[in-house]
Amino acid sequence: MPVTSAVPPSTATAPRRKLFWHRLIFGLWFRPVEVLDEARDRSVWGAAAFLCLLCGALGTLAKDSFWGQWRVDRTLALEAMGIASVVVLFASLLLGVVTHAIARRLGGNGKFGPTVGLFVVLFWATDLPRLLLDTWLAGDTVPVRAAAWITSAYGYALAALLIRGQHHLPTHKAVAAVSIQMLAAVALLKFPYGNGG
């Protein structure tokens with residue numbers, strides 16, 4: 001029987017589809033499981049930084065103190081907005097780092113970059129509706145408060161889903177990994193004491 005040296009054709013793996021920011025951000029609302037699975041091994045630092053800066057600016061626009069400063073000195077008002085956005089960026093990264101560290105302590109094995117970046121993205125992507133409403137309406141109005149409750153619950157669920165998938169943890173451990181950070185952030189950002197400060 002003749003010996004053949006033919007090499008069987010190799011099955012080429014299709015290149016991964018680029019995950020554009022709009023697909024990531026809006027996909028978390030319309031097809032979250034699929035998007036989180038697609039983004040599992042990707043570090044989405046660009047989208048995370050963009051959302052932090054955008055949401056920091058929107059949060060500043062919702063404050064009466066910003067508009068008071070705007071009428072006096074627009075340059076100082078814009079500087080205050082920039083500082084607030086940078087503070088939101090670093091605080092968000094810290095929340096993501098703490099979440100990743102807790103998940104690892106609970107037995108998770110997820111990667112640092114994708115976990116932290118996706119945590120920041122989903123936190124602010126789910127908060128966008130509330131921020132947009134808060135920019136135009138008073139913070140103590142029914143639509144804004146309702147949006148705060150709904151987006152908080154949805155963001156909490158997505159964060160637990162993210163940690164469960166990234167770190168291969170059971171649901172109760174994933175919920176525990178995100179609880180402290182999410183509750184603290186919700187209390188400080190979505191339900192702060194006082195309104196329009």
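I shall start with how the model is to be read.

This is a predicted model, in which local features need pLDDT of at least 70 and side-chain atom pairs count only at pLDDT 80 or more, whereas totals for chains, interfaces and linings use all residues. Residues are numbered from 1 along each chain as its sequence is written, and side-chain values use heavy atoms, with hydrogens and water left out.

Let us take the overall picture. The chain has 8 helices and 0 strands; these are DSSP runs numbered from the N terminus, helices being H or I of at least four residues and strands E of at least two. Of the 197 residues in the chain, 41% are buried. Buried here means under 20% relative accessible area, exposed means over 50%, and partly exposed lies in between, with a 1.4 Å probe and protein chains only. Contact means heavy atoms within 4.5 Å. Among contacts between residues at least 6 apart in sequence, 70% join residues at least 24 apart.

I turn now to helix packing. Two packed helices are described by the angle between their axes and the distance between the axes. The axes are lines fitted to C-alpha atoms, for helices over the stretch in contact, and the angles run from 0 to 180 degrees between N-to-C directions.

How do α3 and α6 pack? Their axes lie 8 Å apart, at an angle of about 25 degrees. The two helices are therefore roughly parallel to each other. On this scale, angles under 35 degrees count as roughly parallel, over 145 as roughly antiparallel, 65 to 115 as roughly perpendicular and the rest as oblique. α3 passes α6 in a left-handed crossing, the near helix being turned anticlockwise from the far one by less than a right angle, while clockwise would be right-handed. Contributors from α3 include Leu51, Cys55 and Leu58, and those from α6 include Val120, Trp124 and Leu128. By class, this contact of α3 with α6 has 18 nonpolar, 4 polar and no charged residues. In that scheme Ala, Val, Leu, Ile, Met, Phe, Trp, Tyr, Cys and Pro are nonpolar, Asp, Glu, Lys and Arg are charged, and the others, Gly among them, are polar.

Helix α3 (residues 45-61) also meets helix α1 (residues 21-30), where the axes come within 10 Å and cross at roughly 65 degrees. That makes α1 roughly perpendicular to α3. The crossing of α1 past α3 is right-handed. Here Trp21, Leu24 and Ile25 of α1 meet Gly46, Ala47, Phe50 and Leu51 of α3. The residues of this contact divide into 6 nonpolar, 1 polar and no charged.

Finally, the salt bridges. The structure holds 5 of them, each a side-chain nitrogen of Lys or Arg within 4 Å of a carboxyl oxygen of Asp or Glu. Glutamate 38 pairs with arginine 23, the closest N and O atoms being 2.9 Å apart. This pair links distant parts of the chain, with glutamate 38 in helix α2 (residues 32-38) and arginine 23 in helix α1, 15 residues apart. Glutamate 38 counts as buried at 17% relative accessibility, and arginine 23 is buried at 13%.

Arginine 40 and aspartate 37 also form a salt bridge, at 2.9 Å from N to O. Arginine 40 is partly exposed, at 26%, and aspartate 37 is partly exposed, at 46%.
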